[in-house]
Amino acid sequence: MTEPAGETLSNLLREERRFPPPPELAAAANATAADYERADADSQTFWATAAARLDWAQPWEQVLDWSGAPFARWFTGGRLNAAYNCLDRHVAAGHGDRVAFHWEGEPGDTRTITYAELTEEVCRAANALQALGVHTGDRVAIYMPMIPETVVAMLACARIGAPHTVVFGGFSAEALRGRILDCDARVVITSDGGYRRGKPSALKPAVDEAVRECPDVRSVLVVRRTGQEVDWTDGRDVWWHDLVAGQPAEHEAEAFDSEHPLYIMYTSGTTARPKGILHTTGGYLTQVAWTHWAVFDVKPERDVFWTAADIGWVTGHSYIVYGPLANGVTSVLYEGTPDTPHKGRWWEIVEKYRVTILYCAPTAIRTFMKWGDEFPARFDLSSLRLLGSVGEPINPEAWIWYRRNIGQDRCPVVDTWWQTETGAQLISPLPGVSTCKPGSALRPLPGVRAEVVDDTGKPVPNGSGGYLVLTDPWPAMLRTIWGDEKRYVDTYWSRFPGMYFAGDGAKKDEDGDIWLLGRVDDVMNVSGHRISTTEVESALVSHPLVAEAAVVGATDPTTGQGVVAFVILRGDAEQEGAAGADEVATELRAHVAKEIGPIARPRQILVVTELPKTRSGKIMRRLLRDVAENRQLGDVTTLTDSSVMDDIRDRLPSAG
Ligand code: WT7
């Protein structure tokens with residue numbers, strides 16, 4: 001485990017401006033200071049009140065059963081249907097005509113989908129899945145672009161109690177296969193492709209390749225989006241428009257147990273094998289709906305909410321699909337990239353749909369900063385009233401730029417800390433209550449207990465750094481790692497007994513407010529995407545040229561971190577030396593993209609003859625990070641051979 005970085009923090013603390021809530025927002029805010037008091041007095045009653053915002057077919061008996069810790073059960077005995085809560089109940093309440101999604105395709109085609117229409121589509125898709133033989137409890141994999149059918153597919157699964165696993169469309173066939181096999185999905189929902197950077201980008205070929213070695217997948221349901229050519233396997237492949245369109249638009253939503261699995265989301269850990277994070281129904285929906293309502297202060301009758309993230313990540317699950325729909329809010333869903341066809345695309349969308357709340361990642365904000373102030377300045381952003389950030393630490397410069405250039409110095413910026421595992425936001429300002437500090441997520445939300453502890457698990461005093469832990473269970477917490485209870489306990493609950501170890505370094509400032517400092521384990525954060533160093537290393541060593549590999553995340557001005565790989569080549573390959581190094585690097589970068597996906601492609605690959613190791617054989621990534629970030633080397637005394645580092649330095653392309 002590496003030390004939390006002190007240097008990052010001193011940079012963060014140089015920005016001293018403070019931003020209290022705008023008085024009009026505070027006066028009408030959904031969440032108030034009283035929520036902290038209520039939750040502090042009795043967190044279970046607080047969560048019961050939050051759960052009561054949902055429709056339950058049968059009330060729960062107990063708010064929290066923690067007797068099997070660290071395996072939690074929330075709202076035990078309660079029964080509900082997640083899709084019913086996201087759809088039917090709003091229609092029943094007379095809001096069927098409210099827009100659920102303003103969908104914007106990258107080429108400029110659009111669809112406006114009301115709650116009534118979405119409900120009918122989901123009912124048809126639920127009937128279609130059942131016609132394909134999908135039963136309650138069966139897993140369904142979804143590999144899709146950002147189109148309305150992706151939301152429909154997820155909710156159709158939820159409606160029939162079939163846990164979905166959405167795999168980000170940027171992942172490779174290999175990665176998709178691993179996930180399908182790990183959770184034993186029998187049906188895959190995909191599309192011919194989606195639009196990215198002005199062109200159709202195929203998805204079906206990756207499914208064909210993945211499923212070739214998944215003998216238990218019996219159906220592939222294919223949405224036509226781009227119209228591109230697809231290979232077809234008769235008896236297995238089914239067009240969405242053939243099967244779904246002909247189904248009845250009514251479907252009885254069965255209520256499931258509060259702890260019924262809702263979905264599995266794979267995320268990278270410190271080993272090469274991704275972890276299937278399991279979320280269940282009642283607690284997850286309660287906390288996602290409550291945080292979406294409180295942190296974004298949404299008013300369903302007038303807000304237009306936009307999470308500019310992919311549905312293939314947890315951010316999309318919680319704050320494009322389940323949170324906004326549970327609250328009956330109107331959202332924007334955008335298919336493509338921010339610079340297609342021009343660098344003002346996002347701001348054009350804000351203007352067009354009068355977006356009031358925008359939620360995105362610091363990496364996007366830093367990219368917009370780099371492109372220049374003139375792009376947002378060309379559009380009318382006056383509809384915006386609140387901005388959110390998620391996925392990685394936001395540096396104060398980016399925070400201030402976001403507030404000034406997008407929020408026109410009047411919108412609060414909420415920096416929300418959470419994880420795939422936490423399901424919902426846990427540490428964040430409340431926009432009507434908190435005085436924001438650029439770069440700080442401030443304090444745990446009502447009903448959440450977090451601490452910063454030292455190596456021995458003791459809380460650190462204000463002004464000190466340490467490791468972020470959660471000291472109490474929370475409703476949207478992961479229930480386990482799919483198929484691997486031991487790994488669940490080992491990964492999260494063993495480092496500090498009785499506490500959930502998040503894997504992040506953090507510091508408490510003099511006021512006790514929390515500043516997140518990035519991962520302290522072997523996990524990188526590239527553009528807000530979590531990538532395991534070990535996963536990239538194992539992809540590299542699976543290439544015939546590579547004998548050994550070490551990967552580190554090096555600070556990157558735009559993406560937060562960039563993947564830097566140090567590789568030792570096998571015998572013959574090594575003889576080629578520096579001459580072939582460029583080709584080797586190109587080949588290996590492509591190989592990683594193929595094995596995992598383009599997001600994991602190393603920014604830089606350095607061919608070396610040895611790697612720095614401790615006497616026990618552990619690679620010292622800290623030293624490699626020093627090299628990758630062009631820093632003075634730290635302590636080398638625990639190395640078996642300290643000349644290794646001189647050799648690595650000598651092989652570096654000269655600085656700059
Ligand atoms: C890791 C979780 C949360 C959904 C998207 C990422 C980092 C997340 C923040 C933030 C500082 C943050 C942490 C965390 N992270 N939000 N506001 N400030 N760091 O989900 O892929 O599960 O990654 O992202 O390091 O552990 P994820």
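The model is predicted, so local features need pLDDT of at least 70 and side-chain atom pairs count only at pLDDT 80 or more, while totals for chains, interfaces and linings use all residues. Residues are numbered from 1 along each chain as its sequence is written.

Select the ligand and the 23 residues around it, of which Pro393, Gln419, Thr420, Leu516 and Arg530 come nearest; a residue belongs here if its C-beta atom, placed from the backbone, lies within 6 Å of the molecule. Two or more residues of this shell are given by each of helix H13 (314-326) and strands E20 (413-416), E24 (500-508) and E25 (514-519), where helices (H or I, at least four residues) and strands (E, at least two) are DSSP runs numbered from the N terminus. Coloured by class, the shell has eight nonpolar, ten polar and five charged residues, with Gly counted as polar and Tyr, Cys and Pro among the nonpolar residues.

Next, select the four strands that form an open antiparallel sheet in the order E21-E22-E24-E25, pairing being called when DSSP finds at least two bridges between two strands. Strand E21 (450-453) and E25 stand at the edges with a single partner strand each, so one side of each is left without a neighbour in the sheet. Zoom in on E21 and strand E22 (residues 465-470), which pair in the antiparallel sense over four bridges, and find valine 453 with its bridge partner in E22, tyrosine 467.

Finally, select residues 34-86, listed by UniProt in an unreviewed entry as "domain: Acetyl-coenzyme A synthetase N-terminal"; such annotations may be inferred rather than shown by experiment. The end C-alpha atoms of residues 34-86 lie 27 Å apart, and the span is 42% helix and 19% strand.
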